[in-house]
Amino acid sequence: MNARAAASPGDSPAQAAEAAVGRKLRLLRRSRELSLQAVAGMTGLSIGLLSQIERGLSSPSVRNLVALSNAFDVPMAWFFDEAVAADDGEDSLVVRREARPRIAMHTTSMTKELLSPDRTRPLQTFLITVEPGGGTGEEPYSYPGEVNGYVLSGRLALWLDGRRLLLREGDSFAIPGDCPRRYGNPDPFQPTRLIWSIAR
């Protein structure tokens, strides 16, 4: 993988997404005049990991993105790559299917696609695909805003404050703000697809 935070024409979509996240993180950090050490202290992430994310060498996990968005007080959607502008000035109202900003999180076997057209609004909605056996990891994380979700297909194991819930296609859920949570796909064969909305 290329050791830079700028995508080149030969990069895969996943590499381009990682480069976009790294580029935006570096710009945000420098605009706040913060060192990697300072950001590490704010987020609990290591300097090495932050450097790898900035250079496009590592995919940020959900927990990493939550920590970064909380530390910099920006919505998680801020880190997604730039969407292709829609026609006729509709880009503030509509996200076309082929223009969805996305992040592929290889370490957790997940892909997040941003469905919200305006990243500055307090409500952000994502389409999340969790590959078989993938998930957010063993350690729970929390987020100050309320979350609502809907399982489009597959199954979802959801842990809320230590309680395990098994959801299937058609089930929906709500997570209170600051409630410790983690989730994963318990199915060894089929991916899980869900809608995930976060209110800041």
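**Note on a predicted model: a loop serine, a sheet and a cavity**

1. Ser 58 sits in the loop that lies between helix 3 (47-54) and helix 4 (62-72). The model is a predicted one. Ser 58 has a relative accessibility of 12% and therefore counts as buried, the cut-off being under 20%. Apart from neighbours within four places in sequence, Ser 58 has contacts with Leu 49, Gln 52 and Ile 53.

2. An open sheet is formed by 3 strands, in the order 6-5-8, with antiparallel pairing. Strand 6 (163-168) and strand 8 (181-184) are at the edges; each has a single partner strand, so one side of each is without a neighbour in the sheet. From one strand to the next, the twist averages 20°.

3. Strand 5 (residues 155-160) and strand 8 run antiparallel and are joined by 4 bridges. In this pairing, Leu 160 stands opposite Arg 181 of strand 8.

4. Searching the whole structure gives 2 cavities of 30 Å³ or more. The volume of the second largest cavity is about 40 Å³.

5. Which residues line the second largest cavity? They are Val 62, Val 66, Met 76, Lys 112, Tyr 141, Tyr 143, Val 147, Arg 181, Trp 196 and Ile 198. Helix 4 contributes at least two residues to this lining, as does strand 9 (192-199). Sorted by class, the lining holds 8 nonpolar and 2 charged residues, with no polar ones.

6. Arg 181 links two of these points: Arg 181 is opposite Leu 160 in the sheet, and Arg 181 is also among the residues lining the second largest cavity.

Technical notes:
Residues are numbered from 1 along each chain as its sequence is written. This is a predicted model: local features need pLDDT of at least 70, side-chain atom pairs count only at pLDDT 80 or more; totals for chains, interfaces and linings use all residues. Side-chain values use heavy atoms; hydrogens and water are left out. Two strands pair if DSSP finds at least two bridges between them. Axes are lines fitted to C-alpha atoms, for helices over the stretch in contact, and angles run from 0 to 180 degrees between N-to-C directions. Buried means under 20% relative accessible area, exposed over 50%, partly exposed in between (1.4 Å probe, protein chains only). Contact means heavy atoms within 4.5 Å. On a 1 Å grid over the protein atoms alone, a cavity is a set of points where a 1.4 Å probe fits but cannot get out, and a pocket is an open set with protein on both sides within 12 Å along at least five of seven lines; lining residues have an atom within 4 Å of a point. Grid points are joined across faces, edges and corners, and a volume is the space filled by probe spheres set on the points. Ala, Val, Leu, Ile, Met, Phe, Trp, Tyr, Cys and Pro count as nonpolar, Asp, Glu, Lys and Arg as charged, and the others, Gly among them, as polar.
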